Amino acid sequence: MNEAVLHAEVLVLGGGPGGYSAAFRAADLGKQVVLIERFPVLGGVCLNVGCIPSKALLHAAQIIHEVDEFEAHGINYGKPTLDLPKIKAWKESITKTLNEGLAGLVKQRKVTLIQGTGQFTSPDTLAVQTETGVTTIRFDQAIIAVGSHPTKIPIFPHDDPRLWDSTDALELKEVPKKLLVVGGGIIGLEMATAYHALGSEISVVELMDQIIPGCDKDLITPLFRRIKKQYKKIWLETRVKSIESHEEGLKVFFEGKGAPESEMFDAVLVAVGRRPNGKLISAELAGINVDEQGFIAVDKQQRTNVPHIFAIGDVVGNPMLAHKAVHEGKVAAEVIAGLKSEFDALTIPSVAYTDPEVTWMGLTENQAKQQGIEYDKAVFPWAASGRSLCLGRKEGLTKILCEKETGRLLGAGMVGPNAGELISEAVLALEMGADAEDISLTIHPHPTLAETFGFAAEMITGTITDLYIKK
Amino acid sequence: MTVLIEIKVPDVGNVAEIDVVEVLIQAGDIVTLEQTLATLETDKASMDLPSSVSGTIQQVYIKPGDKVSEGSLIATVLASTDQAVSPAVPEAVVLPVVAPIVEQRPEPIQTPVIAVTEVAIIESDPSSRKAHASPSVRLFARELGVDVAKIKTGSGRKARILKEDVIKFVKKVMAAGVVASGAGIPSIPAVDFTPYGETETLKLSKIKRLTGQNLSRVWLNLPMVTYHDEADITDLEAFRTSLNAEKLKGEVKITGLMFIIKALVAAMQQFPSFNASLSADGESLILKKYFNIGIAVDTPNGLVVPVLRNANTKTINELALELAEKSEKARLGKLLPADMQGGCLTISSLGGIGGMAFTPIVNAPEVAILGVTRAKMQPVWNGTEFVPRLMLPLDLTYDHRVIDGAEGAKFMALLKQNLSDIRRLLL
């Protein structure tokens, strides 16, 4: 067998958002780039089995809900009928469009794309198992962007097709009558939102004492209240002990506050987090340190312990978010090209595309308390926002935290329909070092949901007129 | 069946750079096991690199003049799998040149370890969080190596740090750091002496400041060795005294220094590396075909080094006259730059003052300097008895990148011989 040897100035392992961004940036900076992707299409989990297809389903869910809720206000379409194969085809057409777009960008930039699974064989070679054999790539510098995979719980019956991970759930094969979501984090709740709209009876089980752990409780509450009514059950501080496969369904055994001993479900979605893929690439043969969990430690320039090998995205640590990976990918490519880049962002915003959406950035109130930081807080209720009321919704909130002494923005969060679209202004304000006054003096168009951010700042500066706050 | 085998530079001990001297193969060549592929050379040894397999050379990755290191790819060889393939690391046949045989070890995967932050949710550095600067300004600061947190207030709205503030900060730092401190070396902190008593501040002369900068630069750049010895100048001194007795009043007297210059030039003629300079890139030696000797002269304003040109062609009387003139000009501050340029080797004589030995600093780009202190009458064992001999202490400092220890000692031995018996200068 002849082993082909290929040379790459920059080798990028993994074609997800972080990987292709790194490859494109490196190519734009004049590097000869080889990009390795194990699947036939680029875009990774995010584009193919994550962010994008889930947003398609969530949009469908939103339409179903809005139509349903508007019946009370005078528009009645009747009960919707669902054509699952058609919804699925529409969802797939979106990913396909984006896949093709990426393939075009690869060609335009003259990046060499190889489909296959890569394993390091030395600090400067990588063997790619392709359909036709093994290709060895000798690289000057490399960027590892191999991402993560859904955490599997070993004792669960993973060979049972009714036990899903997020990828299975997005395939939209069927709408189970009774769906249990194990894990009340962002991924689990987004899937719950979609399947609830499609007609499943949803139960959620979460180990911690709140859904979306890590987010401030006041921002979660409006979501929690709404889904508590919509869903069959939400069990907090509850653990799934075991799952048994039965012909009539999956029998799930619980342990915790208020949960039954066991209950039968037609499908169970396990969304208890993701594990980094650092252990799957023979990193040790390149001398790269990979920790127990599979994470690869990097410095601010995304450099691993091996100076000419970089790592980005999910495999270097939490939060496992595409926008973090993209930013890191560009940093790695720029450092390789000799620019003095480093990961210097002050915050990585988070968004849960639930209904209502929940989003936050910068310091959370929990963190401020833990770190003993003195802050001023303002929470503007969307019940006072004309725009929100026109959407038929009033549960939303916009919260900001500012440094007590200087008024400088420390953190912000929103909950409400389209909240995810509002957080960017807060991120920009944080990066620019804006204080409450800067935000309140910035004219926000009326009536928008975005102006609630300005209103919250006005609550801090004491200039708000849209609310009456007793002195 | 054939496989592609990579032949790499084996572990040759802790050597960062190995020169490729000769490459004996090209693509398409058929090589046999143990056939020499290339000759490599380190600063300690040269070695032939044998092939670890038999087969056809597919590609050669090195050429003469390349610098390689352990693990560098030499060539790929297409070999058939049915032959026994020897270990991936070829055994190098080491031909010792100077150093002992380099020990052979299997090649471990060695990668430098750098400090990395722990895997965690990304938390930015609190210092940059404090700085009131936008991302583009932070990038700009980073490009210039400025810690934005050190810029206390900016000139923008609400003291926002702007690009101009970063530029101003850099200018300020540059202006403060311009005084003679070597780049990257921590400067000596300022000390307030007033609590300890009265002080007075004197401005250094320009010569002193420039000399200081030059000496610091040399001190940091040159690995210097100083070698001490003594020359028996009893006969020389007797000759010199008799010569000066013949001189008329007002004629320039001959000093011992003139003989030292002559003896030194004669030694330099036999050891060309002492009459040389290292090229700026440190890759080659520039040998000089002229013999200009610098003489360090102490003046009220500081140290200057007038140069006596073509000392090999001048007589002792001519040299004595020329040095007397130049020393006088130096003391009056009238030396021209041309009078101080073009030196090949410098003599720093403290002969008139005393001392036993000292370690002069090389006047780079020269490669050596000769220090001289006062000659002393000493009892010297001649094999049967102690005899009084006039001994002249000599201190030879040289740039060890150019001159090695044995060469320095041989040079000094010749210099001593020349001074002990100046008849040799005629040879």
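Predicted model: local features only at pLDDT ≥ 70, side-chain atom pairs only at ≥ 80, totals over all residues.

Guide: Arg109(A) itself lies in the loop between helix H4 (84–108) and strand S3 (112–115) of chain A, and its C-alpha is 9.2 Å from that of Ala23(A), although the two are 86 residues apart in sequence.

Visitor: Why is Arg109(A) called partly exposed?
Guide: Arg109(A) has 16 C-beta neighbours inside 10 Å, whereas a buried residue needs 20 or more and an exposed one has 12 or fewer; Arg109(A) is therefore counted as partly exposed.

Visitor: Which residues have the most contacts inside the largest nonpolar core?
Guide: That core has 140 residues, and those with the most contacts inside it are Val12(A), Ile144(A), Val268(A), Leu269(A) and Ile296(A). Helix H6 (residues 186–198) of chain A gives the most to this core, with nine residues, while a second, separate core of 49 residues includes Leu222(B), Met258(B), Ile293(B) and Ile295(B).

Visitor: What is Ile144(A) in contact with, leaving aside its neighbours within four places in sequence?
Guide: The contacts of Ile144(A) include Leu13(A), Ile281(A), Ile296(A) and Ile309(A), and also Phe310(A), Ala311(A) and Val315(A).

Visitor: Which residues are buried in helix H2 (residues 135–143) of chain B?
Guide: Val137(B), Arg138(B) and Ala141(B) are buried there, and because they cover an arc of only 100° around the axis, they are on the same side of H2(B). An α-helix has 3.6 residues a turn, so residues three or four places apart point the same way. On the other side of H2(B), Ser136(B) and Glu143(B) are exposed, and the helix is followed by Gly145(B), whose phi is positive, near 75°.

Visitor: What makes strand S8 (163–164) and strand S11 (233–235) of chain A edge strands?
Guide: They belong to an open sheet of five strands with parallel pairing, in the order S8-S15-S9-S10-S11 (chain A), and each of these two pairs on one side only.

Visitor: How do you know that strand S10 (residues 201–205) of chain A pairs with S11(A)?
Guide: Three bridges join S10(A) to S11(A), and since pairing asks for at least two, the two strands count as paired; they run parallel, with Val204(A) opposite Ile234(A) in S11(A). H6(A) lies across strand S9 (178–182), S10 and strand S15 (267–270) of chain A, running at about 165° to S10(A).

Terms used:
Residues numbered from 1 in each chain as written. Chains lettered and ligands numbered in written order. Helix = DSSP H or I, 4+ residues; strand = E, 2+ residues; numbered from the N terminus. Core = buried A, V, L, I, M, F, W, Y, C linked by C-beta atoms within 7 Å. Contact = placed C-beta atoms within 7 Å. Arc of directions from axis to C-beta. Axes fitted to C-alpha atoms, helices over the stretch in contact; angles between N-to-C directions.
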